[in-house]
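Reader: I would like to go through this model with you. Could we take the points one by one?

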Amino acid sequence: MNCETAIFFLCLCIVSLIIVICCQRISYRSGIRKDLKKIRNTLKNITDHDTDESVMVFTDNTELMELAAQINRLLERHRKVKAKERRFEMASKKMLSNISHDIKTPMTVILGYLEIMRISGNASEEMMAKTEAKAKSVMALIDEFFTLAKTEAGDMDLSLTGTDLCEICRECILDFYELLSKADFQVDIDLPDHAVCIESNRDVLRRILFNLISNVIRYGSEGKYIGISLKTEDNFVTVGIIDKGQGIDKAFAETVFDRLFTMEDSRSRNIQGNGLGLTIARNLAQQLDGDILLESTPYVKTVFTLRLPYCPQKIYNERNL
């Protein structure tokens with residue numbers, strides 16, 4: 001083979017290689033366009049029909065794989081937002097239904113008593129007392145709804161001062177002591193002998209504990225027991241409100257704090273509240289940078305634990321300025 005022939009074959013190989021590379025590049029670009037078109041069509045279908053579909057792309061291109069992964073993350077976030085909106089819509093409908101029922105029932109009784117008094121021409125002390133009690137129950141319910149609206153809107157007065165949490169716990173349990181005694185409750189108080197001061201709002205703390213204790217009396221009465229304990233940790237202080245009633249099933253551990261959730265499905269079908277007490281208590285606790293936690297073993301121990309920030313050194317320094 002002479003030199004010219006060798007050069008010819010070399011040039012032919014180079015041209016063939018260039019052609020192969022160009023074809024591969026064209027094929028590669030065509031594949032990318034095809035995958036992008038598939039992603040576009042999938043997204044269009046999801047948008048047009050509001051489906052829960054995800055983007056599936058079978059490719060070796062790492063950039064396309066990452067793009068599909070990020071799109072699926074956004075779609076998952078969108079699905080969660082939709083689910084949350086549905087739950088909120090259902091809760092709002094239930095709330096309106098419950099408001100109507102809870103206000104209509106006592107108002108019907110009040111109107112009935114007033115009609116009897118109008119017809120008879122006089123009002124007995126007993127009937128006046130019943131009418132007043134029903135009117136107060138309506139006002140209490142309306143107050144609960146206004147309180148919930150204010151807490152959710154962040155419109156509560158939360159001015160913070162040094163507050164002795166032990167003192168507030170004693171005051172709250174004493175407020176209920178006569179009622180607890182009449183109901184034959186065993187009352188167990190486990191509080192430190194010394195003051196436990198935190199930076200908080202006294203009225204808000206009393207409202208939280210009032211709601212938690214009321215919840216025990218309403219739903220945990222079968223256990224005939226209520227306990228209140230206070231413990232300090234590194235940066236937190238906890239107040240536990242304990243009962244030994246029917247408890248709360250694990251399936252309701254978070255739902256129990258939802259607006260207008262009542263215990264007909266988890267504790268008692270005969271005794272129901274308005275479903276706002278625990279919601280308000282938790283909202284207030286969270287606005288104090290705390291929370292309310294729940295642990296429950298039926299007929300053994302159910303504990304609602306109020307957990308708040310604790311910085312005794314800060315309180316000490318403020319008091320000594």
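Reader: To begin, in which strand does Ser229 lie?

Author: Ser229 lies in strand S4; helices (H or I, at least four residues) and strands (E, at least two) are DSSP runs, numbered from the N terminus. Please note that this is a predicted model, in which local features need pLDDT of at least 70 and side-chain atom pairs count only at pLDDT 80 or more, whereas totals for chains, interfaces and linings use all residues. Residues are numbered from 1 along each chain as its sequence is written, and side-chain values use heavy atoms, with hydrogens and water left out.

Reader: Is Ser229 buried or exposed?

Author: Ser229 is buried, its relative accessible area being 14%. Buried means under 20% relative accessible area, exposed over 50%, and partly exposed in between (1.4 Å probe, protein chains only).

Reader: Which residues is Ser229 in contact with?

Author: Leaving aside neighbours within four places in sequence, Ser229 is in contact with Asp190, Leu191, Thr238, Val239, Gly240 and Ile242. Contact here means heavy atoms within 4.5 Å.

Reader: And what does Leu230 touch?

Author: Not counting residues up to four places away in sequence, Leu230 touches Leu165, Cys166, Cys169, Asp190, Leu191, Pro192, Val196, Val237, Thr238 and Val239.

Reader: Which residues touch the most other members of the largest nonpolar core?

Author: They are Ile208, Leu230, Val239, Ile292 and Leu306, in a core of 45 residues. A nonpolar core is a set of buried Ala, Val, Leu, Ile, Met, Phe, Trp, Tyr and Cys residues joined through side-chain atoms within 4.5 Å.

Reader: Which elements supply this core?

Author: At least two residues each come from helix H3 (125-152), H4, H6, strand S4 (225-232), strand S5 (236-243), helix H7 (277-287), strand S6 (291-297) and strand S7 (301-309). H6 gives the largest share of this core, seven residues. Apart from this core lies another, of eight residues, among them Ile39, Val57, Ala68 and Leu75.

Reader: Let us stay with H6. Which of its residues are buried?

Author: The buried residues in H6 are Val204, Leu205, Ile208, Leu209, Asn211, Leu212, Ile213, Ser214, Asn215, Val216 and Tyr219.

Reader: What span should H6 have?

Author: The 18 residues of H6 should span 26 Å at 1.5 Å a residue, and the end C-alpha atoms are 26 Å apart, which agrees. The expected span is 1.5 Å times one less than the number of residues in the helix.

Reader: Which residue caps the N-terminal end of H6?

Author: Asn201 does, with a side-chain oxygen 3.1 Å from the backbone nitrogen of Asp203.

Reader: Turning to charges, how many salt bridges are there?

Author: The count comes to seven salt bridges, each being a side-chain nitrogen of Lys or Arg within 4 Å of a carboxyl oxygen of Asp or Glu. One of them joins Glu167 and Arg202, whose closest N and O atoms are 3.4 Å apart. Glu167 lies in helix H4 (residues 165-175) and Arg202 in helix H6 (residues 202-219), so this pair ties together parts that are 35 residues apart in sequence.

Reader: What does Glu171 pair with?

Author: The side chain of Glu171 meets that of Arg206 in a salt bridge (2.9 Å, N to O). Glu171 lies in helix H4 and Arg206 in helix H6, so this pair too ties together parts that are 35 residues apart in sequence. Glu171 is partly exposed, at a relative accessible area of 24%, and Arg206 is partly exposed at 26%.

Reader: Which residues are linked in a network of salt bridges?

Author: The network links Glu167, Glu171, Asp175, Arg202 and Arg206.

Reader: And where do Glu178 and Lys182 lie?

Author: Both are in helix H5 (residues 177-182), four residues apart, about one turn of the helix.

Reader: A change of topic: what is the phi of Tyr299?

Author: Tyr299 has a positive phi of about 60 degrees, although it is not a glycine. Tyr299 is found in the loop between S6 and S7 and counts as exposed at 52% relative accessibility.

Reader: Finally, which residues is Lys244 in contact with?

Author: Aside from neighbours within four places in sequence, Lys244 is in contact with Gly223, Tyr225, Tyr299 and Val300. Lys244 is found in the loop between S5 and H7. Lys244 and Lys301 are 57 residues apart in sequence and 4.7 Å apart in space, C-alpha to C-alpha.

Methods
Polar contact = N/O pair within 3.5 Å; in protein donor to acceptor, adjacent residues only side chain to side chain.
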